[in-house]
Amino acid sequence: MKPKKLKSIFCLLSAFVLLTNASYGDSRPNIVFVFSDDHATQAISAYGGRLAKVAPTPNLDRIAEQGMRFDRCMVTNSICGPSRATILTGKYSHKNGFYTNENTVFDGSQQTFPKLLQKAGYQTAIIGKWHLGSNPTGFDHWEILPGQGSYYNPDFITKEGKHRETGYVTEIVTDKAKAWLEQRDKDKPFILMVQHKAPHRAWDPAPEYLSAFDGVEIPEPETLFDDYSGRGTAARDQDMTIEKTMTLGRDLKVKEKDATGDFMKRGYGRLNPEQAALWDAAYQKKNDAFLAAKLTGKALTRWKYQRYMKDYLRCIKSVDDSVGELQQYLSKNGLSENTVFIYSSDQGFYLGEHGWFDKRFMFDESYRTPLLVSWPGKIKPGSVNRDLVSNLDFAETFLDLAGAKIPQDMQGASLVPIFKGSKPADWRSSHYYHYYEYPGWHMVQRHEGVYDGRYKLMRYYDVDEWELYDMKSDPHEMKSVYGHPDYTEISKRLHRELDGLRKQFDLPVIEKQDLSNVNMRYHSESIRKAGIARKKAAEAKKVK
Ligand code: SGN
Ligand code: CA
């Protein structure tokens, strides 16, 4: 091609780029998306609930006061990597290929919202937990924790490789977020994703909060001693109870003789001498008193619940501080007015409800995730929304905020109309859920289901069990009414709804797993024995 012709093509192209940026006007909003790991709504005071008084979260609450609290933000698959993959792609696991945490690597060559935002002229940055196996794509700047990351003296991976930093992860991630904001191109809008490791297991608090909540009695959930009698086998056979699965050394910072190895390998093993001295000062006396009391039975479970919750809530204090610091940074730099500030988590979590910790189940506490959004001048302050929204909607929301085109193959919907108080007439009336990781940590059976805001139909397909809950008459989901004559019509309707959603989202046919062949992976000894016995029984049945 002649140089003159090339030059004119170049001129045309530059004019087009200038035009597109000018056509956006660049008054488009910035997006700060703070995202934590395993933060349940029960532990955010803006949501009320039993912990609101003892563990207030003033900075998180400010987002709700200035903006909107979503009470029904449901996840597509209640586990870390799959939730993150859904957010990046706006698609269910069966479409983005990331079904389970285990042995899965996110295919970063596929369409994601950060790539589309980049194309639309946004600066994109992600700092903190990523947990998707491959390195991030579509980000101008990324600085991630390897895998689950560490609370103390965490390693970070960047384009340049891996390095270690001294200090507490939530604070370091916040500092890095502010540093990125400081050096960004101030003429372009941005999305900044601040992704905390906290409050993930094993709940290691920052040095300044090691003794927070000492002397405070954390209220117990009504269902702490659930006996699982009102349901099928899945709720009974999991490996995630405070009583049996949660250990003193591994999880609760008690240097018990037989658990010291685990204790050292966990958070404690990463501490430098000064940090270790602070932990010893905070925990040793309490641990001595606990060991001297020789608790057993329910008293022991109650003690474990208290220690668990205090460490979890201590971690939240740092997350809340992080939100406060970022809000302050935005306000000091004149950015508050034109920034959409979003807080959410990869899923909810059991804070002793049903006797559990962890997530995975379609029961409310882990199926529902927090979502708080402020957008000055656009979202009415103090509003509360009870529509069925989902982490499936986040990608489309971000694109809509940026005025970018939303691809047809994304499976959610933009929340921007809801932010502005005008829900589209055809908004979803039910939400589809699907969890795939069995066998795996905590041994929760694979299941899918549908939820319409009141009724929830669940299907554990490997064990051929259905459950139905009426959350109006049974808000804690203690008794399945599947097959009950009073619920025949409702059950039929939900079955139709489930079939419809499977079609709408193009679900493949599910192959049942042969459970007599799966490798059991229990970390609680008594649950492991029971599991092996069941597996043997299944094998014996097969031989006959
Ligand atoms: C780790 C935890 C599990 C947790 C998974 C998934 N065990 O394996 O308790 O369910 O992560 O969490 S731990 O002993 O290593 O803490 S997720 O947030 O990544 O999905
Ligand atoms: Ca998680």
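In the predicted model described here, an oxygen atom of ligand 1 lies 2.8 Å from an N or O atom in the side chain of asparagine 101, where a polar contact is a pair of N or O atoms within 3.5 Å. A distance of 2.8 Å also separates an oxygen atom of ligand 1 from an N or O atom in the side chain of glutamine 148, and for the side chain of histidine 131 the corresponding distance is 3.4 Å. Taken alone, ligand 1 exposes 450 Å², of which the protein buries 91%, the areas coming from the Shrake-Rupley method with a 1.4 Å probe.

The model is a predicted one, in which local features need pLDDT of at least 70 and side-chain atom pairs count only at pLDDT 80 or more, whereas totals for chains, interfaces and linings use all residues. Residues are numbered from 1 along each chain as its sequence is written, chains are lettered from A and ligands numbered from 1 in the order in which they are written, and side-chain values use heavy atoms, with hydrogens and water left out.

Around ligand 1 there are 17 residues, of which Cys80, Gln148, Asp358, Arg360 and His442 come nearest; a residue is counted as near if one of its heavy atoms lies within 4 Å. This shell divides into 3 nonpolar, 5 polar and 9 charged residues, with Asp, Glu, Lys and Arg counting as charged, Ala, Val, Leu, Ile, Met, Phe, Trp, Tyr, Cys and Pro as nonpolar, and the others, Gly among them, as polar.

A search of the whole structure finds 33 aromatic pairs, that is, rings of Phe, Tyr and Trp (its six-membered ring) whose centres lie within 6.5 Å. Tryptophan 203 and phenylalanine 357 form one such pair, with 5.9 Å from centre to centre and 85° between the planes, and it is edge-to-face, a term for planes over 60 degrees apart. The two residues are 154 residues apart, tryptophan 203 in the loop between β8 (190–195) and α7 (233–237) and phenylalanine 357 in the loop between β9 (339–345) and α12 (364–367).

The peptide bond from alanine 198 to proline 199 is cis, with omega near -5°, and a cis peptide bond with omega of about 10° joins arginine 201 and alanine 202.

Definitions and conventions:
Polar contact = N/O pair within 3.5 Å; in protein donor to acceptor, adjacent residues only side chain to side chain. Phe/Tyr/Trp six-rings, centres within 6.5 Å; stacked < 30°, edge-to-face > 60°. Helix = DSSP H or I, 4+ residues; strand = E, 2+ residues; numbered from the N terminus.
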